2 protein chains.
Amino acid sequence: MTRQILSSENPHIKLVASLRQKKHRDETGFFVVEGVRLVQEAITSACQFELAVISEEEAGGLRIQQLIDKFEESGCPVIAAPAVLFRKISDTATPQGILAVLKQRSERLADLSTPEGSSLWVILDAIQDPGNVGTIIRTADAAGAAGVILTEGCADLYAGKTTRATMGSLFHIPVVKSSVGECLSFCKDKALPFYVAGVDAAHSYTDANLKEPCAIVFGNEGSGVGEEFSRFSSMNLKIPIVGRAESLNVASAAAIILFEAARQRGISLSL
Amino acid sequence: MTRQILSSENPHIKLVASLRQKKHRDETGFFVVEGVRLVQEAITSACQFELAVISEEEAGGLRIQQLIDKFEESGCPVIAAPAVLFRKISDTATPQGILAVLKQRSERLADLSTPEGSSLWVILDAIQDPGNVGTIIRTADAAGAAGVILTEGCADLYAGKTTRATMGSLFHIPVVKSSVGECLSFCKDKALPFYVAGVDAAHSYTDANLKEPCAIVFGNEGSGVGEEFSRFSSMNLKIPIVGRAESLNVASAAAIILFEAARQRGISLSL
């Protein structure tokens, strides 16, 4: 049964509020997803829920009621908070009235197995903007990638801005954090060639053979991909600029190259 | 000569602060660009400057001093504000210590001429997020587009978030606001076929002939491209999704389709 909470001092409310900070997410191993769609995706993906919070204002809505039913079936506590209190703990400007606390994913790079067929891996090296990290995870999912690997310098996967930008794709494909060294070992162990995307590269991405299993590395917004990756890469790829822009946004660059891989792999067959 | 300003009541300072609001940008016809790079791009593009403001803290830096010299050569007043006051009027979390007030572009859709060769036009229909609008302008520039047309429902071109996301590309190619009706007339008058990007379209973007002159329309984050465009479009294009994502971020979708056009037009020749 849904329990009503009135005070901002309630420990559940305090937990949700604390999880805005990476420090508390790291300590507890929890994170928050917000909004009907993300919560729905998390339920579908059989995530481990700790708690769900709804805004009393929205509790009567059909979609939210369906989600409440699912939480209650699974034994996850659901609490209702007055709209004012909900807005306080919400991380968005226009809250949809539902959020949930769930366990972070525990899979590690070494646990990932290579899927059948021609796998496509995406490595993000120290990408700082949570919107870019989340958007690239969404694009990687759409392009049929086997998984996304985030090096240590990336924006936190579990920050609200990142999870929202994934639009649920963080529940669709493996997304793991790892060190640069582990990434290199992963590619070596799997005999996986990897390509580095960079503005100073010599080859156009359109000239690379992206049909075969491979990983593609995208780097930091300012400084690009780190030296270690570039040194061991099979080929450094550039997106030739036709106009006067100096470079592309990294999430746009990732979309272009990952969908070139999808195109080479016969994307229009998936229509 | 640079004039020192100490008070937040100074009319120059008040002007800059007021331009954070669209209402005041519309009334005055001015907007603000911030940061070394954007200011530099605006100078290179011979924009009409009204005022430049620097933070006293940064006034000694070489790059900023070069910009000050250029403003003074051109007769644009430069004022120096204490760092605390500069941070107050800055629109960014970590200000670089320089901003400028300049005139909005006056060109209109009817003024745009078709460049030689195979022109590529980008129409943004009611795209709401300023980051998406700015990022697509940057991508359109990079892909060699002839210009970008924003319908009335788009995020304001002159908002700080939009101009920053363009990374200067708003100074490189024509960007005009227009109504949907004017857009349709523009395409009709120029016998320009246009393609609508949408999740429910029947054709893959990879199957369209994007070599010939054309316009591509990208729509609102939630509701897609408006009915009027879809009705008159030459072909509705979809980016087939390989994985489980429901859709792509609109700026990612634009990057994929615009660079498919560039690829078909022989992008690797521009290396």
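Good morning. Chain A is divided into domain 1 (3-103) and domain 2 (109-270), with bounds that come from an automatic or database domain assignment. This is a predicted model, in which local features need pLDDT of at least 70, side-chain atom pairs count only at pLDDT 80 or more, and totals for chains, interfaces and linings use all residues. Residues are numbered from 1 along each chain as its sequence is written, while chains are lettered from A and ligands numbered from 1 in the order in which they are written.

The centres of the two domains of chain A, taken over C-alpha atoms, are separated by 31 Å. Across the boundary, 13 residues of domain 1 of chain A are in contact with eight residues of domain 2 of chain A; contact requires C-beta atoms, placed from the backbone, to lie within 7 Å. On the domain 1 side, α2 (22-28), β2 (30-34) and α3 (36-44) of chain A give two or more residues each. Helices (H or I, at least four residues) and strands (E, at least two) are DSSP runs, numbered from the N terminus.

I turn now to the two chains. How many residues does each chain bring to the contact? Chain B gives 35 residues and chain A gives 35 residues. On the side of chain B that touches chain A, the largest share, seven residues, comes from α10(B). That side of chain B divides into 18 nonpolar, twelve polar and five charged residues. Here Ala, Val, Leu, Ile, Met, Phe, Trp, Tyr, Cys and Pro count as nonpolar, Asp, Glu, Lys and Arg as charged, and the others, Gly among them, as polar.

Next, the helix pair. Helix α10 (residues 250-264) of chain A packs against α10(B) at an angle of about 50°, with the axes 8 Å apart. Axes are lines fitted to C-alpha atoms, for helices over the stretch in contact, and angles run from 0 to 180 degrees between N-to-C directions. The two helices are therefore oblique to each other; angles under 35 degrees count as roughly parallel, over 145 as roughly antiparallel, 65 to 115 as roughly perpendicular and the rest as oblique. Among the residues making this contact are A:Phe259 and B:Phe259.

Finally, the sheet of chain B. Five strands form an open, mixed sheet in the order β1-β4-β3-β5-β2, where pairing requires at least two DSSP bridges between strands. Because β1 (3-4) and β2 (30-34) of chain B stand at the edges with a single partner strand each, one side of each has no neighbour in the sheet.

Conventions: Two residues are in contact if their C-beta atoms, placed from the backbone, lie within 7 Å.
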